[in-house]
Amino acid sequence: MKAQWRWFLTGVAAALAVLLLAVIFMAYQMPELLLDWANIRYCG
Amino acid sequence: MSTTNTTWRTPTVILVVGCVILTLSMGVRHTAGLFLQPMTADHGWSRETFSFAIAIQNLVWGLASPFAGALADRHGAGRTVLGAAVLYVVGLVLMSQAGSPLSFDLSAGVLIGLGLSGTTFAVIMGVIGRHTTPQKRSLALGIASAGGSFGQFAVLPVGQMLISTYGWQSALVLLACGVGLIAPLAYAMADGHKVVSGAGQSVAEALREAGGERSFHYLFWSFFVCGFQTAFIMLHLPSYLVDSGLTANVGMTAVALIGLFNIFGSFIFGWGGGRYSKKNLLVLIYALRAVAILIFMLLPMSTATAWIFAAVMGLLWLGTVPLTNGLVAQIFGLRYMSMLTGVVFLGHQLGSFLGAWLGGRIFDETGSYLLAWGLSIGLSVLAAICSWPIDEKPLARHAGATV
């Protein structure tokens, strides 16, 4: 594989990974997760 | 990298599959707390009933880890992972049907605890460790830790979404299906009793040898502190923030920040362990944790300080895993790596149990978390001091051998 394609695909993969992490991070703002403190108190 | 017993079972394949197994196993386990509210409401159980089963799960996970590791070292990791995955799936399905506290303790506590012991760090790290060169081992263990960290971060909102959409019983069965994916993946973990240095040593001899080394005890107790701090902070930080006048949303974002930065921290410290002294990095992690907690206590509480503290602690969260497991492999060799990391992990779980329980107990007795935070700082300093004299040199028995 040519070097520029390798860099391009690596960049796309990194961007997708960042996007995925951002989406998951936003999912933590779900109101259901905040309904009861007990819901997160035992997740450790 | 070392050769494997089949051509397709390359170190890269083993690392990727190990990461997926850790993501599924650690991730599904992390959703346990989400079921507290709906299950206790439906069954009319107290929260203590639920949390008792989770406490059993944590202890069984820790107690069974050395045995799961020994099984993997002796009879192959593939069979161990497969058997543990079956126990995990059965535990989740029976948990969805549990009608009494006893059946709940046995399913959510014992079966899932046993399942976790064979599908998480001790066994998976052993396989990955055996298939990577010493130069790349720490990085590989760091990537695997990041996989487990990603699971903890990613599966929690998925679990909540499943509960909200399908109800808690169906959600448990669906999560069991997710864990079931580990079973076919276990085939890639079958490392064919890969022969490594120390092959002539028995389990008892390996345990006696490790027990006679001060460094092993230092690793055990520093990992105990790691468990204490992570369990205490994850369980009690949100409540502490609310008690300090912040909103529940800030607490939840802090939990998410710990999860997010944990992924990067696991990778960075794994990579660092391959370039710098592992025990020095452990000293750094524990010292930085003490400093971070101290600064957090001294600064006026605000949303910014809470989130910065969560991000810093996230970076320092599971970075201890590749370093501690890497040191076990480096000092004692690879033959019984799974069992010995299992023993060290038992220290982590005992610390977790104490951190979770003592945090609540101290709050109930004093009406504040201040003493628990102070204890956490003191233990962190002790862990840093404990890690400093660790002798990183391989034992003479396998010093010249290829691992």
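Two residues are taken to be in contact if their C-beta atoms, placed from the backbone, lie within 7 Å. The structure described here is a predicted model. In that model B:F267 touches B:G142, B:I143 and B:A146, with residues up to four places away in sequence left out of the count. The C-alpha atom of B:F267 is separated by 8.2 Å from that of B:A144, a residue 123 places away along the chain. B:F267 has 22 C-beta neighbours inside 10 Å and therefore counts as buried, the threshold being 20 or more.

B:F267 is part of helix 12 of chain B. This helix runs from residue 248 to residue 275 and has 28 residues. From the first C-alpha to the last, helix 12 of chain B reaches 41 Å, close to the 40 Å expected at 1.5 Å a residue. Of the 28 residues of helix 12 of chain B, 22 are buried, so the helix is largely enclosed by the rest of the structure.

B:V250 also belongs to helix 12 of chain B. Apart from neighbours within four places in sequence, B:V250 is in contact with B:L241, B:T303 and B:A306. B:P238 is twelve residues from B:V250 in sequence, and the two C-alpha atoms are 8.0 Å apart in space.

Chain B as a whole has 17 helices and zero strands. Its radius of gyration is 20 Å, close to the 22 Å given by the globule rule for 403 residues, so chain B is as compact as a globular protein of that length. Taken along the principal axes, the C-alpha atoms of chain B fill a box of roughly 60 × 45 × 30 Å. Buried residues account for 59% of the 403 residues of chain B. Among contacts in chain B between residues at least 6 apart in sequence, 86% join residues at least 24 apart.

Chain A was examined in the same terms. The secondary structure of chain A consists of two helices and zero strands. Of the 44 residues in chain A, 16% are buried.

Chain B is divided into domain 1, residues 1-194, and domain 2, residues 201-403. The C-alpha centres of the two domains of chain B lie 20 Å apart. At the boundary, 37 residues of domain 1 of chain B are in contact with 36 residues of domain 2 of chain B. On the domain 1 side, the elements that give two or more residues are helix 3 (47-75), helix 6 (121-130) and helix 7 (134-166) of chain B. Helix 7 of chain B provides the largest share of this side, 16 residues. By residue class, the side of domain 1 of chain B that touches domain 2 of chain B divides into 20 nonpolar, 13 polar and four charged residues.

Helix 4 of chain B, residues 77-97, has 21 residues. The distance from its first C-alpha to its last is 30 Å, close to the 30 Å expected at 1.5 Å a residue. Because 15 of the 21 residues of helix 4 of chain B are buried, the helix is largely enclosed by the rest of the structure.

Helix 16 of chain B covers residues 337-366 and includes B:V343. B:V343 has 25 C-beta neighbours inside 10 Å and so counts as buried. B:V343 and B:A64 are 279 residues apart in sequence, while their C-alpha atoms are 9.1 Å apart in space. B:W357 is likewise placed in helix 16 of chain B. B:W357 has 15 C-beta neighbours inside 10 Å and therefore counts as partly exposed, a category that lies between 12 or fewer neighbours and 20 or more. The C-alpha atoms of B:W357 and B:A140, which are 217 residues apart along the chain, are separated by 33 Å.

Note on methods:
Residues numbered from 1 in each chain as written. Chains lettered and ligands numbered in written order. Predicted model: local features only at pLDDT ≥ 70, side-chain atom pairs only at ≥ 80, totals over all residues. Helix = DSSP H or I, 4+ residues; strand = E, 2+ residues; numbered from the N terminus. Expected span 1.5 Å × (residues − 1). Domains from an automatic or database assignment. Nonpolar A, V, L, I, M, F, W, Y, C, P; charged D, E, K, R; others polar. Rg over C-alpha atoms; globule rule 2.2 N^0.38 Å.
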